[in-house]
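Here are my notes for a first look at this model. Please keep the structure open while you read.

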Amino acid sequence: MAAIVILIRQVDAPNWEFPLGTLPAAEAPLAEGTAADALLARRNPIAEVGNALQRAVLPFTRSTDEPAAASPSIQGAEQEPVVSAAPSRIDRIQIYKVLPADNLQKIAARYDLRPETILWANPKLESNPDLLWPGQELIIPPVDGVMHVVRTGDTLSTLAVKYKVGVEEIVAFPLNNLESANSPINSGKQLIIPNGTKPYVARQVAMYRGPVPASAVRGSGNFDWPVSGHLTQQFWHGHRAIDVGARAGSPIVAADSGYVIKASHGWNGGYGSMVMVDHGNGFVSLYAHMNMVYVRQGENVAKGEHIGTVGNTGRSTGPHLHFEIRQNGAARNPNYFLP
């Protein structure tokens with residue numbers, strides 16, 4: 001092995017000749033040696049370690065920082081380095097225009113806010129968080145919490161109790177322009193209540209509430225996915241459901257056996273064309289924004305039976321299935337019941 005190494009070291013490397021102009025500008029010849037030597041040294045560096053030859057590490061780095069913008073030139077003035085500061089989260093209220101396929105969870109993530117914050121800042125959404133359409137303008141608060149317009153009789157103390165925060169938090173927020181807990185607040189003044197919360201407002205929809213038919217099928221309590229697709233919105237305080245994005249016309253099946261207590265085309269409070277199935281064991285499943293509905297109220301359906309297709313009806317920014325599971329009237333997170 002040592003003889004081979006010695007033999008290799010005694011052999012001169014061939015003097016490669018590159019036609020003029022074939023090297024890119026970045027590979028221009030160095031001051032000493034040929035262009036070929038420079039190119040080979042950069043592309044295939046060899047380091048001698050002891051009596052052996054090893055390929056040397058050739059590190060590659062990539063800058064991920066955007067260069068700071070140069071400050072305007074001022075004649076006769078000495079240039080100071082520009083430091084790019086992160087925008088303040090408490091400087092102003094913003095307006096956002098809804099895009100196709102948007103939902104409150106996606107919009108909130110863009111501003112590093114909780115979706116409830118945007119829900120509460122736009123009162124028309126509180127009873128229906130799906131009440132969105134492309135081009136719609138939404139108010140975006142600067143921090144998580146509640147925006148409140150002062151009414152006659154409001155005090156900082158009553159607002160603190162109502163929204164479950166301390167008076168000092170309201171006073172300390174800069175945009176409220178309050179000097180102390182005793183500062184007067186006039187009717188019509190807009191206050192931001194940092195970390196404030198509001199109770200959930202359940203969405204109401206008319207459905208069959210009569211006696212259960214004797215022939216009604218009872219579900220197993222084990223749910224399957226009603227549609228194939230990808231989750232576009234998860235279950236959260238103001239959205240007691242999951243949204244599954246899928247191509248319009250994709251089949252929707254009953255997640256468990258039961259009987260249909262609602263099957264309706266139209267607006268339906270923003271749900272659009274929808275189906276509700278009572279599973280006879282305390283569970284009810286709801287399927288909304290459908291394109292086609294293939295079942296009728298009072299009909300039995302089997303688990304996995306085709307009940308309709310994915311659509312974009314009602315108030316929706318793109319084709320998807322809005323899927324709810326309710327247990328004894330309370331909304332439950334479908335993710336806890338699906339395989």
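1. A word on terms comes first. Buried means under 20% relative accessible area, and exposed means over 50%. By that cut-off Tyr-287 is buried, and Phe-323 is buried too.

2. The model is predicted. Its mean pLDDT is 78, and 72% of the residues reach 70 or more. Strand S2 (residues 52-55) has the lowest mean pLDDT of the elements, at 35. Strand S9 (residues 251-253) has the highest, at 98. Read residues 13-88 with care: the pLDDT there is below 50. Beyond near neighbours in sequence, that stretch has 39 contacts in the model.

3. Now the overall make-up. The chain has 16 strands and 6 helices. Of its 339 residues, 39% count as buried. Take the contacts with a separation of 6 or more: 62% of them join residues 24 or more positions apart. The accessible surface is about 20,100 Å², and carbon and sulfur atoms hold 55% of that area.

4. Next, the aromatic rings. How many aromatic pairs does the count come to? The count is 5 aromatic pairs, with ring centres within 6.5 Å as the rule. One of them joins Phe-223 and Phe-337: the centres are 6.2 Å apart and the planes stand at 75°, so the pair is edge-to-face, the class for angles over 60 degrees. Phe-223 lies in the loop between strand S6 (190-194) and strand S7 (230-233). Phe-337 lies in the segment after strand S16 (330-332), so the pair links distant parts of the chain, 114 residues apart. Both Phe-223 and Phe-337 are buried.

5. Tyr-287 and Phe-323 make another pair. Their ring centres are 5.3 Å apart with planes at 45°, so this pair is tilted. Tyr-287 belongs to strand S12 (residues 283-293) and Phe-323 to strand S15 (residues 320-327). The two residues are 36 residues apart in the chain.

6. One cluster deserves a look. Ring pairs link Phe-223, Phe-283 and Phe-337.

7. Finish with strand S8 (residues 242-245). Which way do its side chains point? Ile-242 and Val-244 point one way, Asp-243 and Gly-245 the other way, and all are buried. S8 pairs with S7 in the antiparallel sense over 3 bridges. Gly-245 of S8 stands opposite His-230. S8 also pairs with S15, again in the antiparallel sense, over 4 bridges. There, Ile-242 has Phe-323 of S15 as its bridge partner. Phe-323 thus returns from point 5, where its ring pairs with that of Tyr-287.

How values were computed: Residues numbered from 1 in each chain as written. Predicted model: local features only at pLDDT ≥ 70, side-chain atom pairs only at ≥ 80, totals over all residues. Heavy atoms only, no water. Phe/Tyr/Trp six-rings, centres within 6.5 Å; stacked < 30°, edge-to-face > 60°. Buried < 20%, exposed > 50% of the residue type's maximum accessible area, 1.4 Å probe, protein only. Contact = heavy atoms within 4.5 Å. Areas by Shrake-Rupley, 256 points an atom, 1.4 Å probe, with all protein chains shown as cover. pLDDT = per-residue confidence, 0-100. Pairing = 2+ DSSP bridges.
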